[in-house]
Amino acid sequence: MKQRFLASRLMPALIAFAMASATSAQTPKTMQAPAGKAKSAPSPKGPRPELFTFKPLNFKPPKPDQYRTTLSNGLVVYIAEDHDIPWFNGSLILRTGPFLEPKEKLGVDNFTATVIRTGGTTTMTGEQINERMDFLAGSVSPTGLSIHSRHLDEGLKIWMDLLNNPAFPEDKLRREKDLALPSIRNRNKNVSQVTSRVYRQLVYGEDSPVAAEMTEATVNSITRNDLIAWHQKYWGANNAILVVTGDFKKPEMLQKLEACFGKWRTAEKAVPPIPKVQQAAKGGVYMVQPEVIPNQGIIQIGHVGIMQDDPDYPAVDLMNYILGGGSFASRITKVVRTDNGLAYSANSTYPGGLQYPGTFTAFCQTKNSTVAFAAELMLDLIEGMRAGEVTEADLAMSKKARIDSFPAMFPSISTVVRNFASLEFYGRPMDYYDNYEARYAKVTLADIKHVGQKWLQPDKMIILVGGSIDECKAGADKTLPNQSTIDAMAARFGGRTLDGLAKKYGDGTIHILPLK
């Protein structure tokens, strides 16, 4: 016992002594160098990374026809063999969604999909399905199956049981409703959630199916019969596309799919087209304050945007890459984050819409005291883009980024078939990927300047600030750094507070929005 005690006391000291000895043994070597002649770092060998040259990547996307087929009931299937591992992956893309929900029943689409799985079927409870899928080391949901190939037959049987015979038990619906209510009750506390929700409502309208959200009233109004009716109306072979990849032979797999999905019923109602979208709010400055007041404000600047199939979209995408979509290569990130140190995240997005127009949004989260300054910096860069302040080098950089990353859109065979299924699902041209690089390659500097004028629209510009209303309105004080830049922006935009922006981009009033 005594020996062990002594060893435990001595061991740390011995280790410390050994480390100190090693350090002292190395120290004289460092000190032997004559003063003023510090040892220089070894010069790198070989060329710098930017001097490497590579053969052009001649990537050609596959053709969708080799993956597409239909079953006897008309269900479209995109299918591909993938023999890397003995596995099966299947997923359904359904033509349904919140945009179809009645205003008084918002949430019924999500509850239907969830309770189909948690509630199980008329032959297996949700818990029994969980136990069986755990045993098979797979997963199943109403819209997908992932399972080892040896268990595929049983997996398909369970999947079809979910699709055809959902039980929709009352207790599972009640549980899902109870789980949804706390997030609804607390959603006005988080500044990010509040700002994002209010921004979408300003762009698309509170009553728009694009921006409408569940409330306690809509959740409490949903009944089991609503789920049954929703399932009958929209869940069927005529409203879906099936995507299948895995370790199988295609002819054999098609026989299996015909035996199960070929008998899947037809939905009662085809999905109607989405109503046309127009911007709801007028351009101007808006503010909203969450229940929990943060020490940082969020800025979202933008307006309703463009569809992805618009001929202008490639130029719009490249323009936005230069402005704020190109990470550290973009102007908003460089000026707001790098040069002025105002934010960790500052960028812009301009996605093309697939079912309705997307939204141009410049984004930044910064201290309350620098909200007005950061907003002015972003608006200054937006105006510069509208004024055509773009160079050939800017265009070349953005083109290279988009064209060089094109092959990365097809990282696996499952992504390939999913991409083609999505084209058909959204009614896009099936040769979209054949012409992708050419559409970007032909964009000129004149095109960038043209779309900057056309698709960055000051008269529609919504400037939304979420945070402490009083502190964010006040603007930058004299204690902040970058005073010369702050003064320059103030001169351009009517002062150091948000009031100047309200005059330049709106009706002169800062509109304070209530929480709902």
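User: In what order do the strands of the open sheet come, and how is the pairing described?

Analyst: Two strands pair if DSSP finds at least two bridges between them. Strands here are DSSP runs of E, at least two residues long, and helices are runs of H or I, at least four residues long, numbered from the N terminus. In this predicted model, 6 strands form an open sheet with the order 1-2-6-3-5-4 and mixed pairing. Strand 1 (68-70) and strand 4 (139-141) are the edge strands, each pairing on one side only. On average, neighbouring strands are turned by 20° against each other, direction ignored.

User: How do strand 4 and strand 5 run, and how many bridges join them?

Analyst: They run antiparallel, and 3 bridges join strand 4 to strand 5 (residues 144-148). S139 has S146 in strand 5 as its bridge partner.

User: Which helix packs on the sheet?

Analyst: Contact means heavy atoms within 4.5 Å. Axes are lines fitted to C-alpha atoms, for helices over the stretch in contact, and angles run from 0 to 180 degrees between N-to-C directions. Helix 4 (residues 152-164) touches strand 3 (87-94), strand 4, strand 5 and strand 6, and its direction makes about 165° with that of strand 5.

User: Is A240 buried or exposed?

Analyst: Buried means under 20% relative accessible area, exposed over 50%, partly exposed in between (1.4 Å probe, protein chains only). A240, in strand 6 (residues 240-246), has 3%, so A240 is buried. Not counting residues up to four places away in sequence, A240 touches L75, V76, L92, I93, L94, R95 and W264. A240 and I93 are 147 residues apart in sequence, yet 5.5 Å apart in space, C-alpha to C-alpha.

User: Which conventions apply?

Analyst: Residues are numbered from 1 along each chain as its sequence is written, and side-chain values use heavy atoms, leaving out hydrogens and water. Local features need pLDDT of at least 70 and side-chain atom pairs count only at pLDDT 80 or more, while totals for chains, interfaces and linings use all residues.
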